[in-house]
Amino acid sequence: MPSTLDSSETLPARTPLPTTIVSTFPSLISWRLGTFLLVIFSLSFLAILLLRCLLPGMVPRAFSLFSSLYLAGTIIFGGGPVVIPLLREYMVTPGWVSPRDFLLGLALIQAFPGPNFNFAVYLGALATMGTSVPSFVGALIAFVAIFTPGLVIVLGFLGLWQNLQKRAWFQAILRGVNAGAVGLVFTAVHKLWQIGLVGGHGAAAGGQPLGGDPWLVFITAAAFVSGKWFGVNAPVAILMGGMGGIARWAIFIR
């Protein structure tokens, strides 16, 4: 029986990880500076974590807001919707933001360009309402807190990238991290599905599963199909969803 692989044929080589980033930054971020940034960041992370554990309820709202979003920006892998359930835990559970305002803000943010981390700015403004901290300061605190960890970590690893990129064990770690991050994205999407229906009052205001409303299930499916198989971009899909929501209101609710 003939072999399926000729002796002259070879298995395709694995695609190497992109290295364009190395030629751009090596002169700016040395391995010493990268290591320094990672050490400083690790110490700041531990200090904030200790203060949260040792002084619960004794720190000002501004610090609590900063520490919550600083931790969220540190432990989030996968980006996109992964951050939303954690932000809900940090903002809604302490009572800083109502469940309804959280979901309404989330729907509003999806209609604008930019990363989901921008949602933290909206939450920061709401979290400081009724305190001595002005809302615009709360928004600024949230912006700095959630974006700083990622920026520092990326800059730190840029300094080490030249030494690590060719290591087989490091590439294996990156592939595993990427697979885990994809799994987290699916988990976050499922959680959003479970709370995506904005209710009116009481328990319903905290969000209900989208699956309880066939019309919203249709809108969700239409957005998925149009984006995956027909190339409809995100702003158009969001606009179509809004129009579907208006139609639902006009037909069933008004």
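The questions and answers that follow set computed values against the definitions behind the labels.

Q: What kind of model is this, and how are its residues numbered?
A: This is a predicted model, in which local features need pLDDT of at least 70 and side-chain atom pairs count only at pLDDT 80 or more, while totals for chains, interfaces and linings use all residues. Residues are numbered from 1 along each chain as its sequence is written, and side-chain values use heavy atoms, with hydrogens and water left out.

Q: How many helices and strands does the chain have?
A: The chain has 10 helices and 0 strands, where helices (H or I, at least four residues) and strands (E, at least two) are DSSP runs numbered from the N terminus. Read from the N terminus on, the elements run α-α-α-α-α-α-α-α-α-α.

Q: Why is the pair of phenylalanine 41 and tyrosine 70 called tilted?
A: A pair of aromatic rings is described by the distance of the centres and the angle of the planes. Rings of Phe, Tyr and Trp (its six-membered ring) pair if their centres lie within 6.5 Å, and planes under 30 degrees apart count as stacked, over 60 as edge-to-face and the rest as tilted. A search of the whole structure finds 10 aromatic pairs. For phenylalanine 41 and tyrosine 70 the centres are 5.9 Å apart and the planes stand at 40°, so the pair is tilted.

Q: What makes this pair of phenylalanine 41 and tyrosine 70 a tie between parts of the chain?
A: Phenylalanine 41 lies in helix 2 and tyrosine 70 in helix 3 (residues 61–75), so the pair ties together parts that are 29 residues apart in sequence. Both residues also belong to one aromatic cluster, formed by Phe41, Phe45, Phe66 and Tyr70.

Q: Are phenylalanine 41 and tyrosine 70 buried or exposed, and how do you know?
A: Buried means under 20% relative accessible area, exposed over 50%, and partly exposed in between (1.4 Å probe, protein chains only). Phenylalanine 41 has 9% relative accessibility and therefore counts as buried, and tyrosine 70, at 6%, counts as buried too. Of the 254 residues of the chain, 29% count as buried.

Q: Why is the pair of phenylalanine 143 and phenylalanine 147 called tilted?
A: The ring centres of phenylalanine 143 and phenylalanine 147 are 5.0 Å apart and the planes are at 45°, so this pair is tilted. The two residues are 4 residues apart in helix 7 (residues 135–164), and are therefore separated by about one helical turn. Phenylalanine 143 is partly exposed because its relative accessible area is 39%, and phenylalanine 147 is partly exposed at 21%.

Q: What makes arginine 52 a charge over the ring of tyrosine 90?
A: A charge sits over a ring if NZ of Lys or CZ of Arg is within 6 Å of the ring centre and within 35 degrees of the ring normal. The charged end of arginine 52 sits over the ring of tyrosine 90, at 5.5 Å from its centre. Lysine 228 likewise lies over the face of tryptophan 229, 5.4 Å from the ring centre.

Q: How do you know that aspartate 213 and arginine 248 meet in a salt bridge?
A: A salt bridge is a side-chain nitrogen of Lys or Arg within 4 Å of a carboxyl oxygen of Asp or Glu, and for aspartate 213 and arginine 248 the N to O distance is 2.6 Å. Aspartate 213 lies in the loop between helix 8 (168–195) and helix 9 (214–229), and arginine 248 in helix 10 (residues 234–253), so the pair ties together parts that are 35 residues apart in sequence. Aspartate 213 itself counts as buried, because its relative accessibility is 12%. By this rule the count comes to 1 salt bridge.

Q: Which residues does serine 64 contact, leaving aside its neighbours within four places in sequence?
A: With contact meaning heavy atoms within 4.5 Å, and with those neighbours left aside, serine 64 is in contact with Arg52, Val59 and Trp96. Serine 64 has its place in helix 3 and, at 14% relative accessibility, counts as buried.
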